Amino acid sequence: MNQAVSGFSKLSKTEKIEWIARTYFPNPAEATALLKNYWNSDAALQKLHDEFIENTITNFYLPLGVAPNFVINGKNYTIPMAIEESSVVAAASKSAKFWATRGGFKATVLNTEKIGQVHFFYTGEEKKLEEFFAQIKPKLFSETKNITKNMQKRGGGILDIELRNQTQKIPNYFQLHATFETKDSMGANFINSCLEQFSKTFKAEAQAYEPFSDDEKDLQVVMSILSNYVPNCIVRAEVSCPIADLAEKKIENPQEFAEKFVRAVRIAEVEPFRAVTHNKGIMNGIDAVVLATGNDFRAVEAGIHAYASRNGSYSSLSHVKIENDIFTFWIEIPLALGTVGGLTSLHPLVKFSLEMLEKPSAQELMQIVAVAGLAQNFAALRSLTTTGIQEGHMKMHLNNILNQFQATAEERQLIKNHFKDHVVSHAAVVDFIGQLRK
């Protein structure tokens, strides 16, 4: 393609597909047929999905799996997980079953504060700005009453607004730093609406504030936006049992296993190269549940990774200790989640997932998501410190390799029988398929 397309957004869905197929594919009919194969046969349901985003041409499927047997705070859960990676759901299920007979998972929401900021530049005396802010702060609350009244009925709203001096970072840079409680809503639209009203009120009041000089009145708002970093919206999940109770088929010496497990976590706490992969495994569990329940996994990812770096170096999100022969493994993470609004009330499979979780509150969902991350991390560390990560993962990945080479039913059976006693690797499977087909 050598030139831009104009008016693309105004084309119909069919016209968009025709243009893409004609412009980029040697066989336009084949490309069009592929896209249409993924359309839902229910026209109303397809229209719903089409309208989630812009320029929709088809649906992009991810498997929705379930991990049963989770015991969280004494209650049984089957957890929905939307993810494309092999072994994640199996690993979570295995961890759930392991801990269900050892007291289950304990989870606690420590706090639920969310944050938004108005970023502005002010040239003038700092003391004057502080006096101005103190005078107009009540008006920032009063002029958002029409936005906050419904949230306040549910027990939420604006918690506080602070003036923050950031001139040590950028000359003349200040913030209105606001904290919010949004109850069962993730609250992005609510927070952003409040912030934009703060900005309007702040600028208008500055123009009328007599002690300000003309330059001081002309403060410049750069942007008003929520933050996805929520270090005061924290949930803790943990598992604990006597070391002797860790014993199972692949953990014949539980003391040795526990000590090796502790070393593995310690490495992730001090070595960023390991910590990134360690935390990626945690996010396998977290993202899969966040996505299945219609929440914003990109926001969750960004906030959690920022939290992992809060002490100046990227570090493990999970921690472990052995005290008085008791093994305790836990995670504390920031999670801003919602169970009302957005996709939670629109996407049929999101509604299905939340109903399967027995319609949790936002705080309950925080606990479930944190537990999924901890379970995933336990499964990975158990494999790493016993059999190695590839044994289980590659066996789960075998199906993907077989699908890639379009193995027949007879070939599948022969291949699976062969790899019961042989190490699975992509190269080994390809070689074996080649031998079969000779």
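Biologist: Which residue of β8 does T108 stand opposite?

Modeller: T108 stands opposite R236 in β8. Strands are DSSP runs of E with at least two residues, helices are runs of H or I with at least four, and both are numbered from the N terminus. Two strands pair if DSSP finds at least two bridges between them. Here β3 and β8 (residues 234–242) have 4 bridges in the antiparallel sense. This is a predicted model, in which local features need pLDDT of at least 70 and side-chain atom pairs count only at pLDDT 80 or more, while totals for chains, interfaces and linings use all residues. Residues are numbered from 1 along each chain as its sequence is written, and side-chain values use heavy atoms, with hydrogens and water left out.

Biologist: Which residues of β3 are on the covered face, and which on the uncovered one?

Modeller: In β3 (residues 106–109), A107 and V109 make up the covered face. K106 and T108 are on the uncovered face.

Biologist: In what order do the 4 strands of the open sheet come?

Modeller: The order is β5-β6-β4-β7, with antiparallel pairing. β5 (157–165) and β7 (220–227) are the edge strands, each pairing on one side only. On average, neighbouring strands of this sheet are turned by 15° against each other, direction ignored. Within the sheet, β4 (residues 114–121) pairs with β6 (residues 173–181) in the antiparallel sense over 8 bridges.

Biologist: At what angle do the axes of α9 and α13 cross?

Modeller: Two packed helices are described by the angle between their axes and the distance between the axes. For α9 (residues 254–270) and α13 (residues 362–384), the axes come within 10 Å and cross at roughly 115°. The two helices are therefore roughly perpendicular to each other, a label for angles of 65 to 115 degrees (under 35 is roughly parallel, over 145 roughly antiparallel, the rest oblique). The contact is made by F257, F261, A264 and V265 of α9 with F378, L381 and R382 of α13. Those residues divide into 6 nonpolar, no polar and 1 charged. Nonpolar covers Ala, Val, Leu, Ile, Met, Phe, Trp, Tyr, Cys and Pro, charged covers Asp, Glu, Lys and Arg, and the others, Gly among them, are polar.

Biologist: What is the phi of K359, a residue other than glycine?

Modeller: Most residues other than glycine have a negative phi. K359 has a positive value, near 50°, and lies in the loop between α12 (348–356) and α13. Its relative accessibility is 62%, so K359 counts as exposed. Exposed means over 50% relative accessible area, buried under 20%, and partly exposed in between (1.4 Å probe, protein chains only). Q406, also not a glycine, has a positive phi of about 50°. Q406 is in the loop between α14 (389–404) and α15 (409–418).

Biologist: How many helices and strands does the chain have?

Modeller: The chain has 16 helices and 10 strands. Of its 438 residues, 44% are buried.

Terms used. Axes are lines fitted to C-alpha atoms, for helices over the stretch in contact, and angles run from 0 to 180 degrees between N-to-C directions. Contact means heavy atoms within 4.5 Å.
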